[in-house]
Amino acid sequence: MEIKPLADLPDADRAKAILERLRREFLPIVNARGYTVTSLSEMCCCGDAGRRGNGRRMSNNVWGYNQTSGRRGTCRISIRLRRPTDHGTLVPYENAAGTMAHELAHCVHGNHSAAFYKLTDEIAEQHAEYVAKGLVVDR
């Protein structure tokens, strides 16, 4: 899983450390579930964060997105690590971890159905269990 912070923003080293921690803590879950996450990137905090696959511009209330490719479970994930329109304020790690669980559930469910939210909760619980047991990637 390639890490892609926004290197030109303030506290880029701290943002990179958050992405690396997400990778360390969630990669065992990704592997156990048979997903393939090719990249984990920081998404800009501005409304100009980019366009979704459908061409629509993302708004400031979007905290992450998952670009799933042809094979189910293969995706690229982007997470907003900074408060909207404020390049200088990083969000708490717990917010980023919750967004990561949410985006991983999109590897299976494209919409926000009951099954999607159930899977999000399962991934979040699995994450808490893995961290408590020290089951993280050490790199």
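## Residue S78

S78 is a buried residue, with a relative accessible area of 6%, in a model that is predicted. The value falls under 20%, the limit below which a residue counts as buried. S78 belongs to strand 4.

The side chain of S78 forms a polar contact of 2.7 Å with the side chain of S41. Apart from neighbours within four places in sequence, the residues in contact with S78 are S41, M43, W63, G64 and Y65.

Four strands make up an open sheet with mixed pairing, in the order 1-2-4-3. From one strand to the next, the twist averages 15 degrees.

Three bridges connect strand 1 with strand 2 (residues 36–43), and the pair runs in the parallel sense. Within this part of the sheet, E2 is placed opposite S39 of strand 2.

## Helices against the sheet

Helix 1 (residues 12–33) lies across strand 1, strand 2 and strand 4 (74–80), and runs at about 155 degrees to strand 2. Helix 2 (residues 93–105) also packs on the sheet, where it touches strand 2, strand 3 and strand 4. The direction of helix 2 makes about 155 degrees with that of strand 4.

Helix 2 consists of 13 residues and spans 19 Å from its first C-alpha to its last, close to the 18 Å expected at 1.5 Å a residue. Its buried residues are Y93, A96, A97, T99, M100, A101, E103, L104 and A105. These buried residues pack against helix 1, strand 2, strand 3, strand 4 and helix 3.

In soluble globular proteins, nonpolar side chains tend to be buried together. The largest nonpolar core of this model contains 30 residues, and L22, F26, L104 and I123 have the most contacts inside it. Two or more residues are given to this core by each of helix 1, strand 2, strand 4, helix 2 and helix 3 (114–133). Helix 1 provides the largest share, eight residues.

Not counting residues up to four places away in sequence, L104 touches F26, V30, Y35, V37, I77 and I123. Two of these partners, F26 and I123, are themselves listed with L104 among the residues with the most contacts inside the core.

Methods:
Residues are numbered from 1 along each chain as its sequence is written. This is a predicted model: local features need pLDDT of at least 70, side-chain atom pairs count only at pLDDT 80 or more; totals for chains, interfaces and linings use all residues. Side-chain values use heavy atoms; hydrogens and water are left out. Two strands pair if DSSP finds at least two bridges between them. Axes are lines fitted to C-alpha atoms, for helices over the stretch in contact, and angles run from 0 to 180 degrees between N-to-C directions. Contact means heavy atoms within 4.5 Å. A nonpolar core is a set of buried Ala, Val, Leu, Ile, Met, Phe, Trp, Tyr and Cys residues joined through side-chain atoms within 4.5 Å. Buried means under 20% relative accessible area, exposed over 50%, partly exposed in between (1.4 Å probe, protein chains only). A polar contact is a pair of N or O atoms within 3.5 Å; within protein, one must be able to donate a hydrogen and the other to accept it, and residues adjacent in sequence count only if both atoms are side-chain atoms. The expected span of a helix is 1.5 Å times one less than its number of residues.
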